[in-house]
Structures are given as structure tokens and as C-alpha cells.
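This report looks at how two chains are arranged and how they meet.

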2 protein chains.
Amino acid sequence: MPDSAYPVTTTGRDAALRERARQVIPGGLWGHLNAANLPSGYPQYYARAKGCRLWDVDGREFVDFMSSWGPIVLGHHHPLVEEAARRQAELGDCMNGPGPVLVELAERLVGTIPHADWCLLAKNGTDATTACVTIARAGTGRRKVLVARGSYHGAVPWCSPSIAGVTAEDRAHLIFYDYNDIASVEAAVAKAGDDLAAILVTAFRHDMARALELPDVAFARSLRALCDHAGAALIVDDVRAGFRLDMGGSWETVGVRPDLAAYSKAIANGHPLAAVTGAEWLRQPATKVYTTGSFWCGAVPMAAAVATLDELRRIDGPARMKAMGERLRAGWAAGAARHGVAVRQTGPAQMPLMLFEGDVGFRLGDAFCAAALAAGAYFHPRHNMFLNCAHTESDVDRALQASDAGFAAVARLG
Amino acid sequence: MPDSAYPVTTTGRDAALRERARQVIPGGLWGHLNAANLPSGYPQYYARAKGCRLWDVDGREFVDFMSSWGPIVLGHHHPLVEEAARRQAELGDCMNGPGPVLVELAERLVGTIPHADWCLLAKNGTDATTACVTIARAGTGRRKVLVARGSYHGAVPWCSPSIAGVTAEDRAHLIFYDYNDIASVEAAVAKAGDDLAAILVTAFRHDMARALELPDVAFARSLRALCDHAGAALIVDDVRAGFRLDMGGSWETVGVRPDLAAYSKAIANGHPLAAVTGAEWLRQPATKVYTTGSFWCGAVPMAAAVATLDELRRIDGPARMKAMGERLRAGWAAGAARHGVAVRQTGPAQMPLMLFEGDVGFRLGDAFCAAALAAGAYFHPRHNMFLNCAHTESDVDRALQASDAGFAAVARLG
């Protein structure tokens with residue numbers, strides 16, 4: 001790393017914090033940010049973050065390509081976003097009702113997202129996907145929801161990847177299809193009969209631990225046609241990809257507009273917010289569904305969202321992230337070739353994944369990531385990564401330099 | 001109002017914002033903060049907040065007794081909380097993992113709440129109640145959950161007060177009992193048979209639009225004994241009352257300790273956070289349940305929570321709110337007597353409710369609240385209110401002065 005001292009040993013602060021956490025938090029940490037699921041050497045605790053850089057509690061600096069698993073889209077501590085948040089916080093955040101910024105944000109969302117006639121706000125992606133399904137059921141008076149096998153839609157019993165504590169009834173009305181497989185969707189629609197409320201689909205196929213798949217245009221169009229024919233709602237779960245691929249919703253890239261969409265992650269550059277957007281025919285049903293939370297009218301995340309969406313549009317964030325993602329990808333392709341390593345790169349450039357051919361148990365991916373991490377780049381071996389708008393060519397090049405250590409490690413194992 | 005000009009007419013900004021919102025948000029606003037559910041004259045949009053005061057977008061100032069329906073426990077924009085949040089925001093908020101403040105907060109919760117051997121964090125009260133139910137099912141391998149008829153536990157299909165979009169299966173394993181009615185709980189336990197996972201109970205009976213009821217000690221003890229006998233989990237939903245009645249959890253007031261408890265609202269003085277605390281026997285099951293969200297490791301709300309809990313302990317927040325709540329109550333009793341109006345005051349002093357005797361359709365309560373609002377005090381006619389630590393004797397006295405207009409309005413109607 002040319003311009004920063006890069007300590008290769010830790011001071012043991014991370015290990016000490018993990019040990020204390022193990023006493024008071026089951027398994028040390030809940031959910032997707034638990035570092036126990038990462039190759040050894042990855043930190044669990046962070047001291048600070050700025051732009052596309054992270055510093056762990058032991059003082060190690062990383063060029064980061066996870067962006068907090070999505071929320072950071074303009075870069076950490078973006079001055080415009082933080083200034084908007086600070087100004088709103090001075091006035092008020094969590095009050096007996098919203099601030100005027102709610103109307104500003106709702107108008108922005110409806111004005112930016114072509115399918116949207118209205119919106120609701122929430123806190124978690126799961127709040128938004130759950131509200132979509134519930135509104136679709138309320139609007140159709142039907143129960144069955146089609147879900148792609150293996151897709152992630154949240155962390156509550158109806159959709160959680162774990163079945164611990166889940167009852168059969170929690171998923172009684174789900175029918176499964178395979179992503180990008182029209183025949184499987186048609187079979188699922190037939191199975192639903194006259195009880196089809198919705199087809200739920202992620203913006204692209206981004207299941208963990210397998211190659212990513214963009215939606216085929218024919219597949220997307222067939223979902224639209226099947227919903228239209230059945231009078232069911234097409235729901236795009238854009239929680240993970242929203243505002244990274246297209247400001248109008250990720251399925252603008254395939255020319256198909258949903259009836260409902262769920263957003264969260266990137267909407268406010270790390271401030272806690274989620275949104276549902278919907279079509280006119282579901283407006284009235286949306287008023288009947290009771291969906292709320294203690295902090296859902298909080299004005300600070302809304303102010304952050306307005307600033308984030310405005311800046312993303314101003315700089316054409318999706319195009320910028322795409323360009324940097326393509327630079328990373330090209331560099332990886334060249335690096336892999338240089339080291340005689342076979343890789344498979346998938347997904348949109350803004351949310352890339354690199355898998356190693358024949359990599360049973362992710363032995364090679366883990367070795368690549370561990371070596372790159374030790375050289376200052378934070379990648380993920382099994383989950384799609386996330387570019388953000390703070391990544392510059394120089395950051396990507398620095399990460400590619402670190403990747404070289406990763407490819408060398410894989411070549412040694414191969 | 002002695003020291004602030006109190007405009008009695010509005011500038012129409014609130015009405016204009018509502019009209020714009022109606023275009024882009026179903027029904028104008030989702031959930032519990034929708035002012036359409038309040039007597040006429042209540043504002044929907046707020047310009048700012050400080051301590052126990054709120055200013056609406058038309059410049060009207062209110063002494064507030066809803067405290068954002070619970071989250072504001074130290075007062076809006078509390079300097080210690082906001083300074084802690086600002087310092088953490090300068091370092092980092094939403095990163096690839098938590099900051100050290102997570103461990104600090106988790107240790108605080110486990111150290112403060114006697115029943116807690118561990119904790120999890122989340123964003124919404126509903127996240128916490130849902131996780132409690134799921135963990136109880138995972139820990140017992142059973143499905144039935146006992147819930148008090150009419151109790152509010154969140155806004156998703158398994159517990160929402162609306163049935164729009166809800167399927168029968170969402171609630172297939174709930175069995176209902178009546179709050180404070182031991183025989184009804186025993187009957188529900190018998191109905192659950194060997195499939196009893198948990199008894200879920202709110203800290204006190206705080207159902208909307210009826211008198212509040214504190215838990216009888218005998219009732220609380222019987223729930224504990226029934227769970228112990230069945231090997232089921234006792235879950236206290238302390239989302240609404242937690243940290244207002246007792247820093248160790250609200251059922252410390254009746255000497256009964258749950259196996260799981262859900263917290264949110266007051267935990268971070270308005271910053272979005274929720275928590276589950278649990279007993280040792282549920283630690284391992286909690287690791288199996290997948291519960292997570294994009295912002296759940298956000299360090300800023302955690303820093304706000306540490307500051308909030310420390311300050312609440314330092315000043316004995318529950319005792320302070322109780323004293324001011326009792327002052328309000330005594331003043332209301334005197335005011336009602338003076339005007340020859342019969343009232344019924346219920347609930348803990350920190351979360352009071354005043355109903356008018358024989359008040360069919362809340363005609364009298366609405367008239368009281370509308371007149372008090374016009375005189376500068378923000379009350380609620382049907383939902384428990386919330387004191388916060390910013391209320392001084394002078395604030396309460398000012399609100400009582402405004403209440404006088406309310407009692408006069410009721411006397412005119414009576």
C-alpha cells in the first residue's frame with residue numbers, strides 16, 4: 001500500500017472484543033455480519049470508516065468492497081448526506097409525526113421510480129418485503145405467493161434461510177419456482193390456481209454461494225404477463241440491488257415494471273430506512289394493511305435519503321459504480337490469467353462475484369480473500385460484493401494489487 | 001402560556017403537506033402516527049422538537065405528553081445522547097461489522113436487566129417480539145404461543161391489529177387468554193397440551209381505547225409457574241414500557257422474571273433500536289434462529305443507547321417520570337372535580353391514561369384533548385400517554401393550565 005502504513009499484525013483488540021461479546025451475545029453476533037462465517041483473519045469490529053475505506057479496531061486499513069453489505073452507496077460519511085442528517089437532527093428526528101421531509105422523499109421516490117404511484121417507508125428490508133406480500137394479499141383477496149427457490153427475502157419465519165423456530169404454517173402459502181425458468185413459474189402458477197396473490201422475485205439471482213444470474217428479459221416479461229393474466233401482483237425485491245443498478249428500480253434494466261417493489265440498503269447511504277413502492281390498484285389495499293414501527297417517521301434517515309438519491313442522480317451513481325466494477329473485473333480477469341487460475345465472474349458489475357473453478361468448499365475463494373485482506377483489500381468469497389461511488393480508479397488499482405497476493409495464494413493451492 | 005406567544009390559527013402548511021402526501025402515500029400516512037385518528041386540530045407535520053416541547057409546521061408550540069409514542073424518554077435532542085451519537089457518527093455507523101460500542105451496550109443490558117444472560121439487537125419492536133417467539137419455538141421444539149386477547153405485539157401478519165392481507169395460517173398457533181385472568185391462562189395452557197412454546201404478555205395491559213391495567217402479582221406469578229411447569233418460555237413484551245417503569249425490566253415491579261423480553265421505544269431516546277434479552281437456556285437456540293437486518297449493527301443508535309441508559313440510571317429516570325406523572329394526575333383529578341366532570345385515571349404514572357366516565361365514542365375525551373391542544377398541551381384521548389424526563393413541574397403545571405380549557409369543554413358537553 002503506497003500511502004498508508006499497513007500493520008500486518010493485530011493488537012488483539014478484535015479478539016478481546018469477540019471474547020467479551022461471546023459472554024453476552026449468542027454466538028458472538030447475530031446474522032450476516034458475523035465474521036465467524038468469513039475466512040480467518042477477517043476482523044469483526046471496526047473503529048472507523050471513510051469513503052471506501054474501513055479501519056478495524058486493531059488499526060488495519062482496508063479498501064472495502066462490501067460497503068456494509070449494500071447500505072453504503074456514496075461512501076462512508078458522505079459530506080452531503082451527513083450534513084443533511086445533521087441539519088434535520090438539529091430540528092428533530094423522532095417526533096409525534098413526520099417532518100416535511102417525508103413528503104419531499106415520497107415525492108422523490110414516486111417521481112424517480114416509473115412504476116410507483118405511491119410509497120410507504122419502513123426500517124428493514126424485511127419490513128418492506130413483508131409489507132409487499134401482505135398488501136398483495138389484501139389487494140387480491142388471495143393467499144398464494146410464488147418465490148424462487150433459494151432466494152433471500154428477509155430474516156423472519158415466512159422467509160428466513162433458517163428453519164429454527166419456523167412452523168410449517170409460516171410458509172403454508174408459498175409455492176416455489178426456479179429463477180429464470182419460465183416453465184417452473186408456469187407450473188407454480190397452475191398450482192396456485194385461483195388463489196395466486198403475487199409472484200415475488202429478486203432484482204437478479206443473488207443467492208449466496210453460487211454464480212449470480214441476471215434476469216433474462218423473456219423471464220421477466222413472462223412474470224409480468226402471468227401476473228397480468230391472473231390479476232396477481234408482481235413484486236420485485238429490490239432491497240439488495242435498488243439504486244445501484246438503476247435509479248428507477250432494477251427491473252428498468254429489463255424493461256419490466258412491477259406492481260410492488262421493496263427497497264432498503266442503499267436508499268439512505270447507511271441510515272436505517274426501507275421503502276415500498278406500489279401501483280395505483282394497490283393504493284387502497286395498502287391503507288388497510290397495518291404496517292408501522294416506532295421509528296418509521298424518523299426524519300433524519302429521510303433527510304439522508306433525499307440527499308443520497310439526489311447525489312446518486314447528480315453523479316449518475318449506477319454508471320460510476322458500473323465503471324469501477326468493470327475495472328475491478330477486468331483487473332481480476334488479467335490477474336487470474338497471469339497466475340494461471342480459472343475464475344468465473346458473474347453478476348452486475350456494481351455487485352460482482354468471483355468464484356474459482358472447481359472450488360469445492362470454497363477453499364480457493366477463502367485463500368484468495370484471506371491473502372487479499374492481509375494485503376489491504378476487503379472482498380467476500382461467496383456473497384456478491386458491492387461497489388460504492390467513493391471507489392476511484394486508484395482504489396480499484398490498489399485492491400487489484402492486493403488481489404495479486406490472493407491469486408498467488410490460489411495458484412500455490414491449485 | 002406565560003412565556004411563549006401561542007398562535008391559535010395555523011398558516012396552512014400542515015394542510016398543504018397533507019394534501020401533497022395524500023398523492024404519494026396511501027391514506028396520507030401509514031400506522032399509529034396518522035393524525036387522521038386524532039381529534040380535529042391535531043397537527044400531522046412537525047418542524048422541530050426540544051425537551052418536552054414540539055413545534056408543528058404552522059409554528060404552534062405544545063407541551064408534549066406522547067413523547068413520540070414512547071421513544072423520547074430523556075427529552076428531544078438530549079445533549080448527552082446527541083453528543084454520543086455525533087461522536088460515533090464521526091467514526092462510523094453502518095460498517096462491515098459493529099463498533100466496540102456493541103459490546104459496551106450488550107454488557108450494559110445484561111448487567112442492568114436481572115433476567116438477562118444475553119441479548120440481541122434489532123431495529124423495530126416487532127423485530128424483537130418476533131425474534132422472541134421464534135427463539136422460544138426453536139428452544140422448545142414446540143409451536144403454541146399464548147397471547148392476551150387485544151394485546152398489541154407489532155405490525156406484521158402474526159400479530160397485526162388489522163387482518164387485511166393476513167392468512168389464517170399466520171396465526172394458526174396462537175391461543176388467546178385474558179390479561180390478569182389466571183383461569184383463562186390455565187385453560188389456554190391446557191389447550192396447548194404438550195405443544196406449548198411460550199406465554200407472551202405485555203408489561204401491563206395497555207390496549208388502546210380502554211382502561212389500562214397493571215399486572216396483578218398473582219397473575220404474573222402464575223404465568224411464571226405455568227411456564228416452569230410446562231418447560232415453556234415466559235416472554236414479556238416490554239417494547240412500550242421498558243426503561244420507563246424500571247431499569248431492570250417492567251416485571252421487576254411485580255417480582256417476576258421472564259425467560260425472554262423484547263425492548264425498543266425508549267432504549268435510545270428516539271434512535272432506532274430494539275433488543276431481545278434472554279435466559280441462559282435459550283442462548284443456544286438463539287444462535288440457530290436467523291434474525292438480522294441491514295442496519296442492525298449500526299453503531300450510532302448503540303452509542304445513543306449507552307448514553308440514554310446511563311443517564312436514565314444516573315437521574316433515576318423512572319422515578320422522575322413517575323413523580324411528574326403523579327403531579328399531572330393529581331392536577332387532572334383536581335381539575336375534573338373543579339369542573340364537576342367524572343374521570344377514570346389508569347396505568348402507571350409514567351404512562352397515564354385519563355378516560356371520561358360514560359364517554360360513548362370518546363366524544364368527551366376528544367373534546368378535552370382538542371381544547372387542551374388549542375391551549376398548548378398535547379395529550380391523547382384513547383392511548384396511554386408517555387412522560388419523559390424533560391418534563392418539569394413547570395411543564396406539568398402549564399399542561400394543567402391548558403387542561404382547564406379541556407375540562408371546561410367537557411363540562412359544556414356533559
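## Terms and basis

A polar contact is a pair of N or O atoms within 3.5 Å; within protein, one atom must be able to donate a hydrogen and the other to accept it, and residues adjacent in sequence count only if both atoms are side-chain atoms. By this rule, 36 residue pairs are in polar contact across the interface of chain A and chain B (both at pLDDT 80 or more).

The model is predicted: local features need pLDDT of at least 70, side-chain atom pairs count only at pLDDT 80 or more, and totals for chains, interfaces and linings use all residues. Residues are numbered from 1 along each chain as its sequence is written, chains are lettered from A and ligands numbered from 1 in the order in which they are written, and side-chain values use heavy atoms, with hydrogens and water left out.

## Relation of the two chains

## Interface of chain A and chain B

Contact (heavy atoms within 4.5 Å) involves 97 residues from chain A and 97 residues from chain B. Because 100% of the interface residues of chain A are also interface residues in chain B, the copies meet through the same surface. The buried area, which is the accessible area (1.4 Å probe) that two parts lose on being put together, summed over both, is about 8,100 Å² for chain A and chain B, with 62% of it on carbon and sulfur atoms. In chain A, the residues that lose the most area to chain B are A:Trp30, A:Asn96 and A:Tyr290, together 12% of what that side buries.

There are two salt bridges between chain A and chain B, a salt bridge being a side-chain nitrogen of Lys or Arg within 4 Å of a carboxyl oxygen of Asp or Glu. One of them joins the side chains of B:Arg20 and A:Glu107 (2.8 Å, N to O).

## Domains of chain A

Chain A is divided into domain 1 (13-69 + 316-413) and domain 2 (79-314), with bounds from an automatic or database domain assignment. Their C-alpha centres lie 27 Å apart. Domain 1 of chain A gives 24 residues to the contact and domain 2 of chain A gives 19 residues.

These two domains of chain A bury about 1,600 Å² between them, 67% of it on carbon and sulfur atoms. A:Pro318, A:Pro348 and A:Met351 supply 26% of the area that domain 1 of chain A buries against domain 2 of chain A, more than any other three residues.

## Backbone details

Most residues other than glycine have a negative phi. A:His77 has a positive phi of about 55 degrees although it is not a glycine, and B:Asp316 has a positive phi of about 50 degrees, also without being a glycine.
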